[in-house]
Amino acid sequence: MPESRPRSGQTLAERAAFVREQARWIRKRALRMVFDARQGHPGGDLSATDALAALYFDAMRYDPADPRWVARDRFILSKGHATGALYSTLALAGFFPQEELTTYMQPLSRLNGHPNRNKIPGVETNTGPLGHGMPVAVGIAIAAQIDKADYRTFIITGDGELQEGSNWEAAMTAGHRKLSSLTLIVDRNRLQQGAGTEDTVGLDPLDDKFRAFGWDVVEVDGHDIEALLPLLDGSTPHERPLCIIANTVKGKGISFMENKASWHHGVPNAEQYEQAMKELDA
Amino acid sequence: MSSPATQTSGLFDCRDAYVKTLEALGAADERIVAVVNDSVGSSKLGGFRDKFPERLINVGIAEQNMVGVGAGLANGGKVAFVSGASCFLTGRSLEQVKADVAYSQANVKLCGISSGVAYGELGPTHHSIEDVAWLRTMGDITVLVPADPWETEQCVRAAAEMDGPVFIRISRMGVPALPRPADAAFTIGKAEILREGGDGAILANGTMVCRALEAAEALAAEGISARVVNMCSMSPIDEEAILAAAQTGAIVTVEEHSVRGGLGSAVAEIVSQNTPCRMKILGFAGFQPTGSAEFLMEYSGLTAANIAASLCGLLGR
Ligand SMILES: Cc1ncc(C[n+]2csc(CCOP(=O)(O)OP(=O)(O)O)c2C)c(N)n1
Ligand SMILES: [Mg+2]
């Protein structure tokens with residue numbers, strides 16, 4: 001399965017172009033899901049999409065036909081509300097039929113508002129309450145360390161989510177144990193549910209915090225795929241756990257949603273939806 | 001205090017009664033503060049924040065911190081209304097609720113918003129159908145489950161008046177204003193008989209009370225007279241009212257909560273050790289599938305029709 005990924009033998013620009021096209025599809029599909037379901041979290045779907053696409057369509061090793069393959073790289077969406085983006089990504093990667101995306105949040109659908117690993121192949125752990133992904137990811141990385149296994153573990157957290165203390169307990173464990181197989185992507189869109197992170201309970205300087213906890217830290221434009229790929233594909237070795245502060249835009253790609261807290265769980269009307277789809281196609 | 005007689009028909013979101021009362025209390029008593037977890041919007045506390053900006057403390061997405069901060073504010077002489085989605089307020093912070101609030105007898109009022117399955121499609125992580133069970137077992141915290149706007153207001157006022165920990169379970173789902181006499185009074189620890197009846201009793205709380213009344217209405221048409229008892233006060237609980245209900249010979253309990261550990265269990269604990277009678281416990285069996293709140297309640301038989309059918313079943317009719 002990994003061989004079929006387009007990465008082999010391609011230039012970084014070619015790989016990035018491929019990932020970008022997947023990201024465009026994911027954004028459009030996620031938005032349609034939110035539109036049809038009349039609920040969801042479009043702002044956070046759109047800010048996380050590029051990182052998700054980079055992971056699933058370039059960086060990670062997995063087999064959709066064998067979702068619990070022991071040697072797979074693991075991914076945890078700790079900001080479990082971004083299921084529009086997550087489900088679109090998993091369906092595009094082949095974990096379940098794309099047609100099923102139309103059942104998002106419908107009665108008795110597998111596609112709940114927050115992901116359930118017992119129902120959806122490719123989901124590692126059930127998230128939804130913020131601040132749960134990091135400790136689970138740390139546990140996975142410790143298991144890999146014990147087994148001397150070479151799989152890697154990736155997590156995406158929100159930035160507001162980092163106000164939960166559990167993240168820092170896990171970060172301390174990861175730093176202490178030098179869990180180098182662990183990569184955290186912080187979706188640093190600077191907004192939480194009700195307002196800006198720095199106006200609520202400030203996180204800056206976030207890089208210094210993670211460094212103080214024993215992590216390697218890099219800061220990138222979270223929508224710059226060419227910058228993301230080398231950090232995720234294993235070609236940048238790190239001795240310590242890696243924190244990628246991905247500076248993103250909440251609602252990325254849709255002009256009227258960008259950087260607006262109200263689109264955290266806003267739902268577009270028909271006119272807005274049409275305009276949004278046009279913008280995503282452009 | 002607003003007279004219950006002034007209520008009109010239609011459906012109400014009890015959060016509105018909660019914040020309206022809190023704003024009124026806040027204006028009269030500057031010790032009143034609100035503590036939230038990035039939940040100003042979902043708790044509808046924007047008005048409180050605008051009126052008393054210094055008394056709205058948003059600790060960010062950090063519920064354990066939020067409850068501990070509430071206990072600290074109480075220590076400093078404040079009356080802390082700690083307000084957030086009930087699932088996180090209780091589940092995430094359970095040990096803070098136990099040690100810092102209940103065991104420490106801190107003057108903290110925990111307001112669990114959008115309890116039960118109000119969050120519908122957001123799923124079991126966001127449902128709060130275990131909260132009453134968790135808090136009720138602690139004993140040292142008052143647990144209230146109001147059924148309509150008037151009762152929500154009474155609960156908030158009673159909580160502010162008493163010195164000690166309280167949990168108020170507040171729904172966002174539309175409920176009607178319950179029919180009550182103009183001189184109706186609310187007392188913590190007292191059940192409220194909303195309809196007399198001797199063939200059997202329906203004990204309900206929160207969003208299920210209006211459905212219990214509807215069920216009793218339907219049963220009356222079939223010649224069955226069912227008592228309807230509103231069990232808002234879960235801890236302390238009105239043993240006398242429960243034992244009186246048991247005298248009818250049949251009790252159906254109904255709650256927007258797990259069938260384990262909530263109202264049904266509380267009633268069974270009392271009835272089974274005193275005057276055992278036939279019982280049916282209606283609620284949720286466990287983690288719920290995907291669906292809207294209304295769908296999930298239908299799916300688990302939390303409907304007037306099923307409440308009525310359950311009592312008929314107990315009566316062998
Ligand atoms: C423990 C917990 N508390 C509160 C919430 C409600 N909630 C859902 S999303 C959200 C804001 C998240 O902000 P952030 O982590 O920055 O995510 P993003 O901006 O990427 O959407 C909140 C408060 C929750 N899901 N879990
Ligand atoms: Mg954010």
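Analyst: A backbone N or O atom of A:Leu130 sits 3.0 Å from a nitrogen atom of ligand 1, and one from A:Gly128 lies 2.9 Å from a nitrogen atom of that ligand. A:Glu161 brings a backbone N or O atom to 2.8 Å from an oxygen atom of ligand 1. The protein covers 97% of the 590 Å² of accessible area that ligand 1 has on its own (Shrake-Rupley method, 1.4 Å probe).

This is a predicted model, where local features need pLDDT of at least 70, side-chain atom pairs need pLDDT 80 or more, and totals for chains, interfaces and linings use all residues. Residues are numbered from 1 along each chain as its sequence is written, chains are lettered from A and ligands numbered from 1 in the order written, and side-chain values use heavy atoms, without hydrogens or water.

Ligand 1 lies between chains A and B. Around it are 24 residues (a heavy atom within 4 Å), and A:Lys79, A:His81, A:Asp159, A:Lys250 and B:Glu63 come nearest. That shell divides into five nonpolar, ten polar and nine charged residues (Asp, Glu, Lys and Arg count as charged).

A:Asp159 also has a metal to hold: together with A:Asn189 (OD1) and A:Leu191 (O), its OD coordinates the magnesium ion, ligand 2, at 2.1 Å. Donors here are N, O and S atoms within 2.8 Å of the metal (3.2 Å for Na, K and Ca), and water isn't among the atoms, so sites may look incomplete. Along the chain, the donors follow the spacing D-x29-N-x1-L. Both A:Asn189 and A:Leu191 are buried (under 20% relative accessible area, 1.4 Å probe, protein chains only).

Notes
Buried means under 20% relative accessible area, exposed over 50%, partly exposed in between (1.4 Å probe, protein chains only). A polar contact is a pair of N or O atoms within 3.5 Å; within protein, one must be able to donate a hydrogen and the other to accept it, and residues adjacent in sequence count only if both atoms are side-chain atoms.
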